[in-house]
Amino acid sequence: MTSLHPKLKDVTERIEARSKDTREAYLDLIRGRKPEGFARQKLADGNLAHASAGCAVMDKTQLLGANWPNIGVITAYNDMLSAHAPYEHYPEILRDEARKVNATAQVAGGVPAMCDGVTQGQQGMELSLFSRDVIALASGVSLSHDMFDGALHLGICDKIVPGLMIAALRFGWLPHIFVPGGPMPSGLPNPEKQRIRQEYALGKVGRDALLKAESESYHSPGTCTFYGTANSNQMLMEVMGLHIPGAAFENPGTPLREALTRAAVRRVVELTVKRDYTPMGEMIDAKSWVNAMVGLMATGGSTNHALHIPAMAAASGYQITLEDFEDVSAVTPLLCRIYPNGPADVNHFQAAGGMSFVMKELLKAGLLNGEANGLMGKLSEHAREPWLDNGELAFRDAPETSGDLDIVRPVEDPFQPEGGLRMLDGPLGRGVIKVSSVKPDRMVIEAPARVFDNQEGLKDAFKNGELDKDVIAVVRFQGPAANGMPELHALSPALGALQDKGYKVALVTDGRMSGASGKIPAAIHVGPEAARGGALARVRDGDVIRLDAETGRLDIQVPEDEFNAREPVQFRPNIRGQGLGRELFGAFRDNAGRPESGGSLFDFFLPVGG
């Protein structure tokens, strides 16, 4: 294993330095809760009777006797969300395996699990980012019963894993393992699905053709197969050592998937008090968070993690900034092309070498810190591939070579020398752009602005032919304080169709784009957001904007004095396309100094670390 790259060493050390006080406060918190025996031994008889009343007799005996560790299960199961539908029968599997290793398991609670695919372009999307904090709180409530000596987290998609992580770290004196369900088998190729979406946006095909394509793409239980936020979550859990190695991308319903699920039970039991006690809050440190950023850059993962990683890290006492992302991206090569960064899906990626190959390559180059801790020991022990040896789970070395160089490459021959995300800065604010799927001739876009205060305005202008020209669409009032910061992926077909016509097209917004978004240059998360008087509130139709992803600039060709003298447009809540997020949650407030869109309602339960 090669020594860690000096730039990554520097980033790690400065995170540790700036986080010294908050990390120490966090460690004091969890060390003050270090268990001396099984958790339920502290409960009164009445408490314990309530907690065991509904159990099977074989479990009740052990729970009342307090002789075995008890594992809490937090589940995001619902059968509307394809990624989480496989979790329906997991509790039976987990309880059965726990008994085999002298432990018990109980479903401690469920958390909401919304599907961004269902809510994309709808008002429900305004609750998407908020749901992360609701999940964190719901998980914390579930674990608050002091019945548990470890926890298993059943969640996959978008805001769900980050919410579960925030709660797991708040209960960091326990060991925690994340248990994925796996991607659905490949259906209609993603590029073909995208082509039909654009044809529909142009009016060339009808809704029947669109629905047929969508249904053939999203066709069975399992995670969507493109490399969006859900599968980026699974990548993060792998590079942070929070999965059984290789668990991320095995399909649901296979013998290997069940073997990996059962292995998670066995391992979390091994990590409990009176055994090989390993509290998650001490296992996850600054090295882990730098590894997470490296994994994100090397695979071209979701821009949503520029929001989630700082929020999750804050829950463990670490302060991460956009400069950290910038410096990590500068030295991390892009090794993967998975849709939307290329035509392959995650099943193709898995077959070509998957996470074990990527981790092996990054470790070899000193780009992953193999000294970081994981569930199996050092992270270097996680760069392995699971398989069944006569029906038993076993692990073998990662593949030596890529199975398909169009999908995953060795570190010596990357798709590009820098990572998949870049930071932008300039008079319009600071933001993020995903460059892993943007063609070289689209990295710099200079064009007149067309300003919209909601998604629907852009869609209407597209349908009316008003955008058939070089244009930078500015969609503002999409930040946390305005309407919950919804994803704007529903704009991709229209913008993609304009780009395919040969126009220079880009998007600038204080909102988000889906992890599935790609080929349109998009400056997102631009802050300060317009609803708080950010510069986007002063942009007017016709202003020439220059988005330069090569130099990391976001400029406007208006004299500085003139631009700054403009009266910002005021946010008007409850206009068309806005309101549900504000009505239910109110304006999203900063908490404990976190980035504007990285705060968490869970801070009220975690006064340190953020």
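Two strands count as paired if DSSP finds at least two bridges between them. The model shown in these views is predicted.

View 1. The eight strands follow the order 9-10-14-13-12-11-15-16, with mixed pairing. Strand 9 (421–424) and strand 16 (553–556) are the edge strands, and each pairs on one side only. From one strand to the next the twist averages 25 degrees. Helix 16 (residues 322–331) packs on the sheet, where it touches strand 9 and strand 10. The direction of helix 16 makes about 135 degrees with that of strand 9.

**View 2. Strand 10 beside strand 14.** Strand 10 (residues 430–434) pairs with strand 14 (residues 522–527) over two bridges, in the antiparallel sense. Arg430 stands opposite Gly527 of strand 14.

**View 3. The largest nonpolar core.** This core has 137 residues, and Leu152, Met165, Trp289 and Ile309 have the most contacts inside it. Helix 14 (residues 286–299) supplies the largest share, nine residues. Another core, of 31 residues, lies apart from the largest one; Ile433, Ala506, Ala535 and Val558 are among its members.

**View 4. The salt bridge between Asp324 and Arg14.** The closest N and O atoms of this pair are 2.9 Å apart. Asp324 belongs to helix 16 and Arg14 to helix 1 (residues 6–18), so the pair links parts of the chain 310 residues apart. Asp324 is buried, because its relative accessible area is 0% and the cut-off for buried is under 20%. Arg14, at 27%, is partly exposed.

View 5. Arg266 lies in helix 12 (residues 255–270) and Glu97 in helix 5 (residues 90–100), so the bridge ties together parts that are 169 residues apart in sequence. Arg266 is partly exposed at 29% relative accessibility, whereas Glu97 is buried at 6%. Through shared partners, salt bridges join Asp96, Glu97, Lys100, Glu258, Arg262 and Arg266 into one network.

**View 6. The salt bridge between Arg546 and Asp548.** The closest N and O atoms of these two residues are 3.7 Å apart. Arg546 is partly exposed, with a relative accessible area of 28%, and Asp548 counts as buried at 7%. A search of the whole structure finds 41 salt bridges.

How values were computed
Residues are numbered from 1 along each chain as its sequence is written. This is a predicted model: local features need pLDDT of at least 70, side-chain atom pairs count only at pLDDT 80 or more; totals for chains, interfaces and linings use all residues. Side-chain values use heavy atoms; hydrogens and water are left out. Helices (H or I, at least four residues) and strands (E, at least two) are DSSP runs, numbered from the N terminus. Axes are lines fitted to C-alpha atoms, for helices over the stretch in contact, and angles run from 0 to 180 degrees between N-to-C directions. Contact means heavy atoms within 4.5 Å. A nonpolar core is a set of buried Ala, Val, Leu, Ile, Met, Phe, Trp, Tyr and Cys residues joined through side-chain atoms within 4.5 Å. Buried means under 20% relative accessible area, exposed over 50%, partly exposed in between (1.4 Å probe, protein chains only). A salt bridge is a side-chain nitrogen of Lys or Arg within 4 Å of a carboxyl oxygen of Asp or Glu.
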